[in-house]
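Dear colleague,

Please find below the structure that I am handing over to you, followed by an account of what was found in it. I would be grateful if you could read the two side by side.

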Amino acid sequence: MRGEPLFYYICKMVEERPVIYLYTDGAASGNPGPGGYGVVLKCAGKEKEMSGGFARTTNNRMELLAVIKGLEAIKWQNAHIEVFSDSAYVVNAINNFKWIKGHAGHPENERCDTLAVEAYHQENLPLDEGYVITEQTLI
(Lines give C-alpha, C1' and ligand atoms only; values in the text may rest on other atoms or scores of the structure.)
Protein backbone atom coordinates (compact mmCIF):
# COMPACT_ATOMS: atom_id res chain seq x y z
CA MET A 1 0.00 0.00 0.00
CA ARG A 2 3.05 2.25 -0.17
CA GLY A 3 2.28 5.56 -1.79
CA GLU A 4 -0.91 4.34 -3.48
CA PRO A 5 -4.26 5.90 -2.60
CA LEU A 6 -6.68 3.75 -0.63
CA PHE A 7 -9.27 4.25 -3.38
CA TYR A 8 -6.94 2.38 -5.77
CA TYR A 9 -6.80 -0.67 -3.51
CA ILE A 10 -10.52 -0.73 -2.79
CA CYS A 11 -11.36 -0.76 -6.49
CA LYS A 12 -8.53 -3.17 -7.35
CA MET A 13 -10.12 -5.81 -5.12
CA VAL A 14 -13.09 -6.04 -7.46
CA GLU A 15 -12.60 -8.91 -9.94
CA GLU A 16 -13.78 -7.02 -12.99
CA ARG A 17 -12.93 -3.38 -13.28
CA PRO A 18 -16.14 -1.46 -12.81
CA VAL A 19 -16.90 1.98 -14.15
CA ILE A 20 -15.41 4.81 -12.12
CA TYR A 21 -17.77 7.77 -11.80
CA LEU A 22 -16.05 11.13 -11.36
CA TYR A 23 -18.20 14.08 -10.25
CA THR A 24 -16.61 17.53 -10.12
CA ASP A 25 -17.37 21.14 -9.31
CA GLY A 26 -15.45 24.36 -8.92
CA ALA A 27 -16.44 27.58 -7.19
CA ALA A 28 -15.06 31.06 -6.58
CA SER A 29 -16.33 33.88 -4.42
CA GLY A 30 -15.76 36.76 -6.74
CA ASN A 31 -14.09 36.09 -10.04
CA PRO A 32 -11.23 36.37 -9.23
CA GLY A 33 -11.41 35.65 -5.52
CA PRO A 34 -10.98 32.78 -3.13
CA GLY A 35 -11.89 29.57 -4.93
CA GLY A 36 -12.20 25.86 -4.37
CA TYR A 37 -12.85 22.56 -6.08
CA GLY A 38 -14.72 19.46 -5.02
CA VAL A 39 -14.48 15.89 -6.31
CA VAL A 40 -16.52 12.77 -5.62
CA LEU A 41 -15.22 9.46 -7.00
CA LYS A 42 -17.52 6.42 -6.96
CA CYS A 43 -16.44 2.89 -7.78
CA ALA A 44 -18.04 -0.45 -6.91
CA GLY A 45 -20.09 0.97 -4.07
CA LYS A 46 -17.14 2.84 -2.55
CA GLU A 47 -16.74 6.61 -2.47
CA LYS A 48 -13.87 9.07 -2.07
CA GLU A 49 -14.13 12.84 -1.67
CA MET A 50 -11.41 15.42 -2.28
CA SER A 51 -11.30 19.19 -2.17
CA GLY A 52 -8.89 22.09 -2.09
CA GLY A 53 -8.83 25.83 -2.43
CA PHE A 54 -6.79 28.88 -3.30
CA ALA A 55 -6.71 32.45 -2.03
CA ARG A 56 -7.12 34.13 -5.44
CA THR A 57 -8.30 32.26 -8.51
CA THR A 58 -11.25 31.94 -10.89
CA ASN A 59 -14.24 29.67 -11.14
CA ASN A 60 -13.12 28.20 -14.48
CA ARG A 61 -9.68 27.34 -13.09
CA MET A 62 -11.34 25.51 -10.19
CA GLU A 63 -13.75 23.68 -12.53
CA LEU A 64 -10.78 22.40 -14.55
CA LEU A 65 -8.67 21.61 -11.48
CA ALA A 66 -11.48 19.47 -10.04
CA VAL A 67 -11.37 17.24 -13.13
CA ILE A 68 -7.56 17.12 -13.11
CA LYS A 69 -7.38 16.18 -9.41
CA GLY A 70 -10.07 13.54 -9.86
CA LEU A 71 -8.31 11.97 -12.83
CA GLU A 72 -4.95 12.05 -11.02
CA ALA A 73 -6.48 10.02 -8.17
CA ILE A 74 -7.32 7.15 -10.56
CA LYS A 75 -4.33 4.84 -10.93
CA TRP A 76 -5.73 2.24 -13.31
CA GLN A 77 -4.50 2.33 -16.86
CA ASN A 78 -7.28 2.18 -19.43
CA ALA A 79 -9.94 2.65 -16.77
CA HIS A 80 -13.52 3.23 -17.86
CA ILE A 81 -14.28 6.63 -16.34
CA GLU A 82 -17.45 8.66 -16.66
CA VAL A 83 -16.90 12.33 -15.84
CA PHE A 84 -19.79 14.57 -14.74
CA SER A 85 -19.55 18.35 -14.46
CA ASP A 86 -22.01 21.21 -14.27
CA SER A 87 -19.55 23.40 -16.16
CA ALA A 88 -20.21 23.93 -19.87
CA TYR A 89 -16.63 25.28 -20.02
CA VAL A 90 -15.32 21.86 -18.99
CA VAL A 91 -17.83 19.66 -20.80
CA ASN A 92 -17.51 21.48 -24.12
CA ALA A 93 -13.71 21.26 -23.99
CA ILE A 94 -13.47 17.47 -23.66
CA ASN A 95 -15.38 14.82 -25.58
CA ASN A 96 -17.32 12.24 -23.58
CA PHE A 97 -17.74 14.34 -20.44
CA LYS A 98 -21.33 14.52 -19.25
CA TRP A 99 -23.04 17.77 -18.31
CA ILE A 100 -25.41 17.85 -15.37
CA LYS A 101 -27.41 20.88 -14.33
CA GLY A 102 -25.83 22.58 -11.33
CA HIS A 103 -27.81 23.32 -8.18
CA ALA A 104 -30.64 21.08 -9.38
CA GLY A 105 -30.60 18.46 -6.64
CA HIS A 106 -28.17 15.95 -8.18
CA PRO A 107 -26.66 14.44 -4.99
CA GLU A 108 -23.05 14.09 -6.15
CA ASN A 109 -23.04 17.51 -7.83
CA GLU A 110 -24.47 19.11 -4.71
CA ARG A 111 -21.81 17.38 -2.61
CA CYS A 112 -19.03 18.58 -4.93
CA ASP A 113 -20.39 22.12 -4.70
CA THR A 114 -20.42 21.92 -0.89
CA LEU A 115 -16.83 20.63 -0.87
CA ALA A 116 -15.70 23.44 -3.20
CA VAL A 117 -17.36 26.17 -1.16
CA GLU A 118 -16.06 24.74 2.13
CA ALA A 119 -12.57 24.62 0.60
CA TYR A 120 -12.51 28.30 -0.33
CA HIS A 121 -13.77 29.31 3.10
CA GLN A 122 -10.73 27.78 4.81
CA GLU A 123 -8.18 30.09 6.35
CA ASN A 124 -4.63 30.50 4.99
CA LEU A 125 -5.39 29.27 1.49
CA PRO A 126 -2.32 28.93 -0.74
CA LEU A 127 -1.89 31.13 -3.79
CA ASP A 128 -2.97 29.74 -7.14
CA GLU A 129 0.47 30.47 -8.56
CA GLY A 130 -0.55 29.87 -12.16
CA TYR A 131 -3.30 32.43 -11.84
CA VAL A 132 -1.26 34.98 -9.90
CA ILE A 133 1.59 34.82 -12.43
CA THR A 134 -0.83 35.19 -15.35
CA GLU A 135 -2.61 38.09 -13.64
CA GLN A 136 0.70 39.89 -12.94
CA THR A 137 1.88 39.56 -16.54
CA LEU A 138 -1.28 41.33 -17.69
CA ILE A 139 -0.56 44.40 -15.57
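Does Ile68 count as buried, partly exposed or exposed? Ile68 counts as partly exposed, because its relative accessibility is 43%; buried means under 20% relative accessible area, exposed over 50%, and partly exposed in between (1.4 Å probe, protein chains only).

Two remarks on the basis of these values come first. This is a predicted model, in which local features need pLDDT of at least 70 and side-chain atom pairs count only at pLDDT 80 or more, while totals for chains, interfaces and linings use all residues. Residues are numbered from 1 along each chain as its sequence is written, and side-chain values use heavy atoms, with hydrogens and water left out.

Overall architecture

The chain has five helices and five strands, in the order α-β-β-β-α-β-α-β-α-α along the sequence. Helices (H or I, at least four residues) and strands (E, at least two) are DSSP runs, numbered from the N terminus. Of the 139 residues in the chain, 42% are buried. The accessible surface comes to about 8200 Å², and carbon and sulfur atoms hold 50% of it; accessible areas come from the Shrake-Rupley method with a 1.4 Å probe, and for residues only the protein chains shown count as cover. Among contacts (heavy atoms within 4.5 Å) with a separation of 6 or more, 60% are between residues 24 or more positions apart.

Strand S1 and its partners

Strand S1 covers residues 20–28 and strand S2 covers 33–43. Seven of the nine residues of S1 are buried, so the strand is largely enclosed by the rest of the structure. S1 and S2 run antiparallel and are joined by nine bridges; two strands pair if DSSP finds at least two bridges between them. Within this pairing, Gly26 has Tyr37 of S2 as its bridge partner. The hairpin of S1 and S2 has four residues between the strands, and Gly30 takes a positive phi near 90° there. S1 also pairs with strand S4 (residues 81–85), in the parallel sense and over five bridges. Ile20 stands opposite Ile81 in S4.

Nonpolar cores and a surface patch

In soluble globular proteins, nonpolar side chains tend to be buried together. A nonpolar core is here a set of buried Ala, Val, Leu, Ile, Met, Phe, Trp, Tyr and Cys residues joined through side-chain atoms within 4.5 Å. The largest such core has 19 residues, of which Ile20, Tyr37, Val39, Leu41 and Phe97 touch the most other members. At least two residues of this core come from each of S1, S2, strand S3 (46–57), H2 and helix H3 (88–91). A second, separate core has six residues, including Tyr23, Val40, Cys112 and Leu115.

Ile68, with which this account began, is found in helix H2 (residues 59–72). Together with Leu64 and Tyr89, Ile68 makes a nonpolar surface patch of about 270 Å². Patches are made of residues with over 30% relative accessible area and no salt bridge, with like charges joined within 9 Å and nonpolar side chains (Val, Leu, Ile, Met, Phe, Trp, Tyr) within 5 Å.

Salt bridges

The structure holds five salt bridges, each being a side-chain nitrogen of Lys or Arg within 4 Å of a carboxyl oxygen of Asp or Glu. In one of them, the closest N and O atoms of Arg111 and Glu49 are 2.8 Å apart. Arg111 lies in helix H4 and Glu49 in strand S3, so this pair ties together parts that are 62 residues apart in sequence.

Arg61 forms a salt bridge with Asp128, with the closest N and O atoms 2.9 Å apart. Because Arg61 lies in helix H2 and Asp128 in the loop between H4 and H5, the pair ties together parts that are 67 residues apart in sequence. Arg61 is partly exposed at 32% relative accessibility, whereas Asp128 is buried at 7%.

Lys98 and Glu82 also meet in a salt bridge (2.9 Å, N to O). Lys98 is in strand S5 (residues 98–99) and Glu82 in strand S4, 16 residues apart. Lastly, a network of salt bridges links Lys42, Glu47 and Glu108.

The loop at Pro126

Pro126 is found in the loop between helix H4 (107–120) and helix H5 (129–138). Leaving aside neighbours within four places in sequence, Pro126 is in contact with Gly53, Phe54 and Ala55.

Yours sincerely
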